[in-house]
Amino acid sequence: MHEIQAISPALQRRKKRLTVLLLCIWLAVSFGPTFFARTLSFEIGGWPVHFWMAAQGAILVFIGIVVVYAFLMNRWEAQEAVQASADHVAMEDSADTKSV
């Protein structure tokens, strides 16, 4: 059975920075078109750009944010697991050499 490892402080800091960054991007994409709707009032393909940004662009960016978060967290947690495993093996090796 696997032991549940505590999250290292370095991983906690990276996780918090990533979360804040992605939330800021989400905020800008969600509310930006609302504030700049008059500036973005030109049409592409018969649809106003500000309408497309609010209706479609925000959803696509949100999906991208979820994908980026999942990818980075999986990678960082895998690195953390490898490091914890290496530390565990090193501790076992040092204990074996002391007992000899």
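Which helix does Ala58 lie in? Select Ala58 and you land in helix α2. Before going on, some ground rules: this is a predicted model, where local features need pLDDT of at least 70, side-chain atom pairs count only at pLDDT 80 or more, and totals for chains, interfaces and linings use all residues. Residues are numbered from 1 along each chain as its sequence is written, and side-chain values use heavy atoms, with hydrogens and water left out.

**Stop one: Ala58.** Ala58 counts as buried because its relative accessibility is 16%; buried means under 20% relative accessible area, exposed over 50% and partly exposed in between, with a 1.4 Å probe and protein chains only. Show its contacts (heavy atoms within 4.5 Å): leaving out residues up to four places away in sequence, Ala58 touches Val29 and Met53.

**Stop two: α1.** Follow Val29 into α1, where there is a kink of about 25° at that residue, shortly before Pro33. The bend is the angle between axes fitted to the seven residues ending at a residue and the seven starting there. Colour the buried residues of α1: Leu11, Leu18, Leu22, Val29, Gly32 and Pro33. End to end, the C-alpha atoms of α1 are 38 Å apart, which agrees with the 39 Å that its 27 residues should span at 1.5 Å a residue; the expected span is 1.5 Å times one less than the number of residues.

**Stop three: the core.** Select Leu11, Leu18, Leu22, Ile65, Leu72, Met73 and Trp76, the seven residues of the largest nonpolar core. Such a core is a set of buried Ala, Val, Leu, Ile, Met, Phe, Trp, Tyr and Cys residues joined through side-chain atoms within 4.5 Å. Both α1 (9-35) and α2 (49-99) supply at least two of its residues, and α2 gives the most, with four. Centre on Ile65: beyond its neighbours within four places in sequence, Ile65 is in contact with Leu22, Ile25 and Trp26.

**Last stop: zoom out.** The elements run α-β-β-α from the N terminus; helices (H or I, at least four residues) and strands (E, at least two) are DSSP runs, numbered from the N terminus. Overall, buried residues make up 14% of the 100 in the protein.
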